[in-house]
Amino acid sequence: MLTPIIYSVPNPQKIFNRILPLRQQDRLPEVTAVYLLLENITLLAFWLLVAVLSINAAFLMFILYRRGSRRRYYKRKDASRQQFASLVNHFLEGSLKLEDAAYQLRQARSRPAKDAIQELLLAGSDDGNVACVTELLFALGHADRWARLAFGRKRAAQLTRSSGLSQSRVLGLKLRTRGLRRIRRRKLFSVKRAVAVYHLSRLAPGRARIFLEEALRDPAQDVRLAAVLGLRGDSAAIPLLLEELRTAVEEHNDVSLRAIRSALVWHEMAELQQFAPALTHGNPRYRFLALDTVRQICERISKERPLQAGDFPTQLRHLLQHEAAQDSSADVRARCAAVIAYFHDSSAVPVLRQLLRDENEFVRLHAVRSTCHTAYQELIPEVSACLTDSRWRVREAAARTLMSFGHAGVENLFRVFLDTSDQYAAEQVADEMQRSGVLNALLAELNSGTSVAVCRAVCMRLVGLNKTSILSDAVASSELAPAHRLWLMDALSAHPSRHFLDVLRELARTRDEPISTRAGALLQRLAPAAATLEVRHA
């Protein structure tokens with residue numbers, strides 16, 4: 001008997017279950033690599049977090065330590081200030097010798113105590129005791145420390161030795177390489193040097209000048225700026241500052257012109273002799289800045305006391321009268337007028353008369369402004385001629401200058417105002433008379449009966465120019481005599497304005513006879529003109 005062969009069909013699920021483990025075994029290296037990568041990333045993130053937290057904790061600890069140390073520093077500094085204040089005051093008053101003060105102050109060993117003594121000495125230093133304070137600062141080692149911070153140990157020793165010998169210049173300077181100069185120019189390295197130079201500038205001028213002259217060669221702007229400002233008031237340092245000014249004009253200088261000039265303007269009149277070479281320099285802008293600095297010095301001193309021609313050095317007076325007044329630069333000539341006006345005597349009159357007729361309008365403008373002093377009343381005709389100048393700034397300045405001369409100047413102002421045929425000049429003079437109060441004084445003279453003809457002529461010219469606001473207010477004022485008020489009402493009716501019509505309406509409602517009657521009559525006569533003005537205004 002034949003047994004049939006039965007072929008069974010395999011189950012697909014069983015086949016898949018057998019194959020799957022084989023596939024997982026094939027992908028085992030890949031799965032393991034991904035798992036290890038995730039584990040490494042997690043570990044890296046954890047340590048990064050630990051590092052960030054550690055840095056923050058360290059920074060926080062540093063801040064707390066810094067605050068604590070600064071608090072302790074200032075407490076010790078305040079205690080030292082209280083401890084040595086009386087001793088320093090006795091020295092500043094002169095009741096304690098230099099050797100005794102140095103011996104007792106050397107007992108301070110800590111940094112807070114030394115800083116407190118330094119501040120006490122600098123705060124109490126003035127022109128009377130600056131030499132003694134300087135010697136004490138050198139004896140205590142403060143000046144040497146500032147010099148080392150600013151210039152280095154070797155150069156500081158040379159400068160200190162030269163300052164003690166009162167030498168004008170220190171030789172043997174080694175120029176640093178360009179790369180090092182670029183590094184020293186950075187604020188990170190220049191701030192401490194600038195502070196040290198500022199402290200050195202507080203020494204006596206004779207000893208500080210050596211250090212400050214050296215600081216002018218520093219590559220950092222902050223250091224040179226501290227040196228420039230430190231030379232303020234030192235008469236022997238004027239050539240150094242003028243050289244810095246010339247460098248700023250002709251070459252490259254990152255110290256501003258304003259800073260250099262602010263250091264120059266604090267000098268006195270007797271020191272202006274040193275500006276003479278700058279006034280004859282070949283660069284016109286440098287001449288202008290030097291002369292303008294002289295003008296600022298004169299302006300500053302004139303606020304304290306009146307200046308005379310004798311206050312100026314002889315050479316400078318000669319340069320102003322014979323060279324600066326004929327300079328090729330208009331800016332120099334204009335500043336010359338402002339400076340020479342401080343002579344306040346007849347020697348300045350010919351120069352100012354020449355500058356009043358200059359071809360440049362700004363020279364004429366400054367010359368007119370400079371003559372507003374009673375010493376220059378003989379220039380009234382020349383100033384009056386400027387009332388008809390082609391430039392409105394000059395006309396405006398001429399009107400103001402004439403009014404500053406008092407009665408004589410105002411009479412010339414009225415004469416030109418009445419005689420000129422220049423419409424623009426007349427209007428500008430009228431505006432100045434109204435702004436300055438001259439017109440109110442004119443109405444007061446009209447009320448008092450003096451110069452009635454001139455006053456009425458000026459009022460009629462103002463009406464013709466439609467400059468009637470103050471005149472309209474005068475009509476409404478009871479301070480003016482009724483006869484003059486009636487005359488002004490008739491004069492203003494020739495060119496009525498809305499303001500004048502409003503004044504007439506107010507007067508017509510009053511019981512002030514005969515003013516109210518005349519106001520009512522004028523309102524009836526000017527009704528067409530009033531209607532035209534209302535339409536035009538609408």
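## Salt bridges, a pocket and a core

Arginine 509 is exposed, with 59% relative accessible area. Its salt-bridge partner is glutamate 506, and the N to O distance is 2.7 Å. Glutamate 506 counts as partly exposed, at 47% relative accessibility. The model is a predicted one.

**Salt bridges**

The count of salt bridges comes to 32.

| Pair | N to O distance |
|---|---|
| Glutamate 506 and arginine 509 | 2.7 Å |
| Arginine 295 and glutamate 299 | 3.2 Å |
| Aspartate 389 and arginine 364 | 2.9 Å |

Take arginine 295 and glutamate 299. Their side chains meet in a salt bridge. Both residues sit in helix α15, which covers residues 284–302. They are 4 residues apart, so about one helical turn separates them. Arginine 295 counts as buried because its relative accessibility is 18%, under the 20% cut-off. Glutamate 299 counts as partly exposed, at 30% relative accessibility.

The pair of aspartate 389 and arginine 364 is set up in another way. Its closest N and O atoms are 2.9 Å apart. This pair links distant parts of the chain, 25 residues apart. Aspartate 389 lies in the loop between α20 (380–385) and α21 (392–404). Arginine 364 belongs to helix α19, residues 361–370.

Elsewhere, shared partners join salt bridges into one network of Arg261, Asp292, Arg295, Glu299 and Arg335.

**The largest pocket**

What is the volume of the largest pocket? The value is about 590 Å³. Its lining has 22 residues. Closest to the pocket centre are Ser201, Arg202, Leu203, Gly230 and Arg232.

Three helices each supply at least two lining residues: α10 (205–215), α11 (221–230) and α13 (257–264). The largest share, 4 residues, comes from α10. By type, the lining divides into 11 nonpolar, 5 polar and 6 charged residues.

**The nonpolar core**

The largest nonpolar core holds 152 residues. Which of them touch the most other members? They are Leu203, Phe312, Phe417, Met433 and Leu488. Helix α15 gives the most to this core, with 9 residues.

Leaving aside neighbours within four places in sequence, leucine 203 is in contact with Val130, Thr134, Leu137, Phe138, Ala143, Trp146, Ala208 and Phe211.

Helix α16 spans residues 314–322. Its buried residues are Leu316, Leu319, Leu320 and Gln321. They pack against α14 (276–279), α15, α17 (330–340) and α18 (349–356).

Helix α11 comes next. Its buried residues are Val223, Arg224, Ala226, Ala227, Val228 and Gly230. Their cover includes α9 (187–200), α10, α12 (238–250) and α13.

Methods. Residues are numbered from 1 along each chain as its sequence is written. This is a predicted model: local features need pLDDT of at least 70, side-chain atom pairs count only at pLDDT 80 or more; totals for chains, interfaces and linings use all residues. Side-chain values use heavy atoms; hydrogens and water are left out. A salt bridge is a side-chain nitrogen of Lys or Arg within 4 Å of a carboxyl oxygen of Asp or Glu. Buried means under 20% relative accessible area, exposed over 50%, partly exposed in between (1.4 Å probe, protein chains only). On a 1 Å grid over the protein atoms alone, a cavity is a set of points where a 1.4 Å probe fits but cannot get out, and a pocket is an open set with protein on both sides within 12 Å along at least five of seven lines; lining residues have an atom within 4 Å of a point. Grid points are joined across faces, edges and corners, and a volume is the space filled by probe spheres set on the points. Ala, Val, Leu, Ile, Met, Phe, Trp, Tyr, Cys and Pro count as nonpolar, Asp, Glu, Lys and Arg as charged, and the others, Gly among them, as polar. A nonpolar core is a set of buried Ala, Val, Leu, Ile, Met, Phe, Trp, Tyr and Cys residues joined through side-chain atoms within 4.5 Å. Contact means heavy atoms within 4.5 Å.
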